[in-house]
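Please examine the sequence and the structure before reading the solutions.

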Amino acid sequence: MFSKIPNYIKFLFTNFIVLILFNYIFRVLFFYLFAELETATSKEIQNSFLLGLRFDIKLASLIMFPLVLLVLITNYKFFKKPVYHKITLLYLPLVYLVLTLFYLFDFGYYSYLSVRLDAASLRFLEDLKISTQVLWESYPIVKGLIGLLFLTFLIRKLANFIYKSHSNQINHISNKIKALYFIATFLLFAFSIYNSFTHYPLRWSEAFFSKNNKVNQFALNPILYFFDSFAFRTESVNMEEFKKYYPVIAKDLNLPKDSISFERKVVFNDSVKLKQKPNVVFVMLESVGVKPMSFYGNPIKSTPKMDSIIPNSLHFSNFFVHKSGTAASVFASVTGLPDIDDVNTASRNPMIIDQRILFDQFNGYEKLYFLGGSANWANIRGIFQANIKGLKIFEEGSYDTENRADVWGIDDYELFKESDKELKRLHQKNKPFVAYIQTASNHMPFTVPDKKESFTPIQETEISKDLLEKSGFKSVAQLNALRYLDFNVGKFLDRAKASGYYENTVFVFFGDHNTMMNRSSNYTNEHDLNINLQHVPFFIHAPKYTENKEVIYNGKLIDMFPTVMSLLKMNYTNYTLGRDLLDSINYKNPTSFVYLRMQGEPTVGLLKDSLYYSKTNVTNTTGLYNLKSDKLEDISKLLPKEKMKMDSLLNAYYHSTKYLYFNNKK
C-alpha cells in the first residue's frame, strides 16, 4: 500500500516530519536548558508539551506550504526538471538556517528577560552598534557562525538525499487519483495550520493556560509568537509624555506625587465587613446601550424585564465603555485598563495580557467564565487564563446541552441555563463564586427562536415603520434580538431564585457597547459625536446589599470591579486606573475616558458632567461640547480654562494607559 503512494507525496510528508522533529528538538533543548519548571505540576508540563507540539506542527505546515503547492501542481515533473531540484536545495537549507537563528536568539532573549522572542526584541536594533558589541562579548560568535555553516551544509546534504531517494519512482497514476491525492494533501496541510477542531484556529493565547508564566512561556513557539506580536511592535509608551502628565493623573486618582505608583490599597475595618461572602455574577450584555432600552426612553417596549429590574437596583445612567467592541470591553472590564490599541484590540496583543487585576483577588471564591462559543475568540482565553488563578472556563464542548445557534455558539437561553446548573452546584456545596457570563445572541446575525417559553419575536407586520424609525432600530430583527436577551435576563434571575443562590448573590449587569442605530430624537448629540456606541447600562442588582437608587455622575467600564469590591467591603489592591464610583469622599467629579474614531482618525475623549472633550491622535483636532445643549457646537472658546483642564486629564489617561500596559505585569 505504501509503495503505491506517489513519490512526490512521500517527499512532502518526509520533509514535513523532519521539520517537525527539528522544531521539537529545540523545544526539548529549551526544556532542559531554560524552562525552569520545577514548580510546575506534571499535568501542566504534559499539557505544555502537547500544546507546544501543536504549535511546532503549525509552524512546519506554514513553512512547507509554498513547497506543497509547487509539488502538487507539478507532481511527477518535480523530479524531472533540474530547476525544481535547485529550488529544493535553496529553499530547505535557507528555512533551517532561519529557524536555527530564531531559536538561538530566542534562547538568548529568554535567558536575559525570561520572555520568549517577541516583536519587542526589535528595539535592540535601535542601537545596533551596542547590541552587536554585547553579542560579540557575551557569546562565541565565531564558533557559532562556523556551526551554522556546518549545519547548513548538513541540511543541504539531507535535502538532497530526500529529494534523490524519492525521485526514482516511475509508475504513474490516473488524473482522478492525482486529484484525490492533491485534495487530501492540501487539506491535511491546511488543517495542520488551522490545528483545531473548534471554530477558532490554534492561537498563541492557548499557551497561556496556566497561572505559572514559565509553563505558558514554554508552550509557545517563539517564531510564531514573534510574528503574532509583530503587528503590535509600534505599541509602546512615550515616557516623556507620561512623566509630563503623571502629576495630573496622580491628583485625579489620589496617587503619590513624589514617585510613580498606581498602587492603592483599600482596607475595610472588621466592623463593616460582611459576615458571609456574597456570590458575584458579572453579566456582559452583548450590544446593549442605553438608547435602545425602553427604560431610558426608547418608544418601543424593548426591555420590559430590565425595565422592572433596574429600579430595584443600584444603577448608573451615565456609564461609558472605552471602545465600541466586545473584545475591547472584555479586556477593559477584566484588566482594569482601557483598550486604546490602534492596530486591532488589546486582547490580541500578546505583549500586554499579563496584568495585575482585581478579578484575581477574589480570594476564597470559585472563579468561572461562561460563554457560548470558544474562548479562542479574539484571544480572550489569554486574558482570563493568564491572569486569574484557579479560573474554570466553560465554553463550547463544556456543556451538557449544546444546540449551536449560530457562529457565536449556543444561544443565551442555553448559556444562562447551563451557567445556572454550575452555580447551583456550587451553592449547594456552600462554595462562594464569582462568575463572568458573556452573552452573544444580541449580535448579528440576530438569531432568535420562533418561540421560547413566553418569548415570541415581533413580526414585521406587527410594528409600524414610523415607530421603528422613531426608535432608531435598523430592523425588526435587531429589535427582537434585544427583546430575546431581555427575556433571558429575566429567566436567569428566576432560575437563580429557584436554585437558591439569588438572595446571597450580587448580579452585575453591563453593556459591552451599544448596537449600531439610526439617528433619532433620543441621545442625538451622542449620536452626532459618535459616542453613542459607548454609552451603556450598568446596574447592580442585589436587594440584600445595595440601595435602589440612580447614580447620575459619570462612570467608566474600568470602574466596575473597584466599585463592586468596595460594595462587598472586600479588601483589595488596585494597580490600574479604575476607581470606586461610590467613593464620593476621595473622588470628586468622576470622568469617563473613551477611545473611538472620528472621520477615520483615532480619537480620545473625556466626559465630565455634561461636557464632552475630544482630541484626534494625529491631527490634534479638538472640540468641547455640551451634551445637554439643544444646539451642538464647539464651545472651546467660551470655556478655555475648562478645555485646558480636560485636555490635561485626557492626555493623562491616555499616556497612563500606555504606561500600565507594559508596567503593570505580575
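**Exercise 1: a helix pair**

Helices α9 and α18 are roughly perpendicular to each other (65 to 115 degrees), helices being DSSP runs (H or I) of at least four residues, numbered from the N terminus. The model is predicted: local features need pLDDT of at least 70, side-chain atom pairs count only at pLDDT 80 or more, and totals for chains, interfaces and linings use all residues. Residues are numbered from 1 along each chain, and side-chain values use heavy atoms, without hydrogens and water.

Task: describe how the axes of α9 and α18 are placed, and classify the residues of their contact.

Solution. 
Step 1. The axes of α9 (residues 239–253) and α18 (residues 640–663) cross at roughly 115° and come within 7 Å; axes are lines fitted to C-alpha atoms over the stretch in contact, with angles from 0 to 180 degrees between N-to-C directions.
Step 2. Contact means heavy atoms within 4.5 Å; among the residues making it are Phe 242 and Tyr 245 of α9, and Tyr 653 and His 655 of α18.
Step 3. The contact residues comprise 10 nonpolar (Ala, Val, Leu, Ile, Met, Phe, Trp, Tyr, Cys, Pro), two charged (Asp, Glu, Lys, Arg) and four polar (the others, Gly among them).

**Exercise 2: the largest cavity**

Task: state which helix gives the most residues to the lining of the largest cavity.

Solution. 
Step 1. Two or more lining residues come from each of α11 (326–335) and α17 (560–567).
Step 2. Helix α11 gives the most, with four residues.

Methods:
Angles under 35 degrees count as roughly parallel, over 145 as roughly antiparallel, 65 to 115 as roughly perpendicular and the rest as oblique.
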